[in-house]
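Keep the viewer open and follow along.

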Amino acid sequence: MTTEQKIQYIADHYGYDTQSRQLIEELSELIQAICKHNRAYEELKIYTKESCAEKESIIEEMADVIIMMCQFDYLIGINANSVYEVIESKLDRQIERIKSE
């Protein structure tokens, strides 16, 4: 099975209600992982790119969120290209804001 087929299979099995609640849970867990990372390094005032338990947790939670977002996109019929077009627009707008700071 391809990744897309796996995402669709799981999404179809559990359905919208279950997976939308799971997405919210995974987003919450990502927020918690980022907060733990911030607390762990707040006193040091440095944010290194080195590996640490907090960063590994963030990676795990980001993967969960991405998987759930893909399922959610599929379940409600969002075309990924539409999302990427909006992303590009938002990035361009923010770059323009930065230039005017």
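What follows goes through the helices one by one, then the cysteines.

## Ground rules

This is a predicted model, so local features need pLDDT of at least 70 and side-chain atom pairs count only at pLDDT 80 or more, while totals for chains, interfaces and linings use all residues. Residues are numbered from 1 along each chain as its sequence is written, and side-chain values use heavy atoms, with hydrogens and water left out.

A few terms come up again and again. Helices here are DSSP runs of H or I, at least four residues long, numbered from the N terminus (strands would be E runs of at least two). Buried means under 20% relative accessible area, exposed means over 50%, and partly exposed is in between, using a 1.4 Å probe and protein chains only.

Start with helix H1, residues 3-42. H1 has 40 residues, yet its end C-alpha atoms are only 37 Å apart. A straight helix would reach 58 Å at 1.5 Å a residue (the expected span is 1.5 Å times one less than the number of residues).

Two other H1 residues are worth a click. Gln5 is in H1 and counts as partly exposed because its relative accessibility is 41%. A polar atom of the Gln5 side chain lies 2.8 Å from the backbone nitrogen of Thr2. The C-alpha atoms of Glu29 and Ser57 are 28 residues apart along the chain and separated by 9.4 Å.

## H2 and its buried glutamine

Helix H2 covers residues 53-76. H2 has 24 residues and reaches 35 Å from its first C-alpha to its last, close to the 34 Å expected at 1.5 Å a residue. The buried residues of H2 are Lys55, Ile58, Glu61, Val65, Met68, Gln71, Phe72 and Asp73, and they pack against H1. After H2 comes Gly77, with a positive phi near 75°.

Is Gln71 buried or exposed? Gln71 is buried, because its relative accessibility is 2%. Its side chain makes a polar contact of 2.4 Å with the side chain of Gln19. Not counting residues up to four places away in sequence, Gln71 touches Ile7, Ile10, Ala11 and Gln19.

Helix H3 runs over residues 80-99. Its 20 residues should span 28 Å at 1.5 Å a residue, and the end C-alpha atoms are 29 Å apart, which agrees. At the start of H3, a side-chain oxygen of Asn79 comes within 2.7 Å of the backbone nitrogen of Asn81.

How many salt bridges does the structure hold? There is one, counted as a side-chain nitrogen of Lys or Arg within 4 Å of a carboxyl oxygen of Asp or Glu. The side chains of Lys99 and Glu96 form it, at 3.5 Å from N to O. Both residues lie in H3, three residues apart, about one turn of the helix. An α-helix has 3.6 residues a turn, so residues three or four places apart point the same way. Lys99 is exposed, with a relative accessible area of 61%, whereas Glu96 is partly exposed at 47%.

## The cysteines

The whole structure contains zero disulfides, a disulfide being a pair of cysteine sulfur atoms within 2.5 Å. Cys35 is partly exposed at 35% relative accessible area, and Cys70 is partly exposed at 32%.

Cys52 sits in the loop between H1 and H2 and counts as buried, because its relative accessibility is 12%. Leaving aside neighbours within four places in sequence, Cys52 is in contact with His37 and Tyr41. The C-alpha atoms of Cys52 and Gln19, 33 residues apart along the chain, are separated by 30 Å.

Conventions:
A polar contact is a pair of N or O atoms within 3.5 Å; within protein, one must be able to donate a hydrogen and the other to accept it, and residues adjacent in sequence count only if both atoms are side-chain atoms. Contact means heavy atoms within 4.5 Å.
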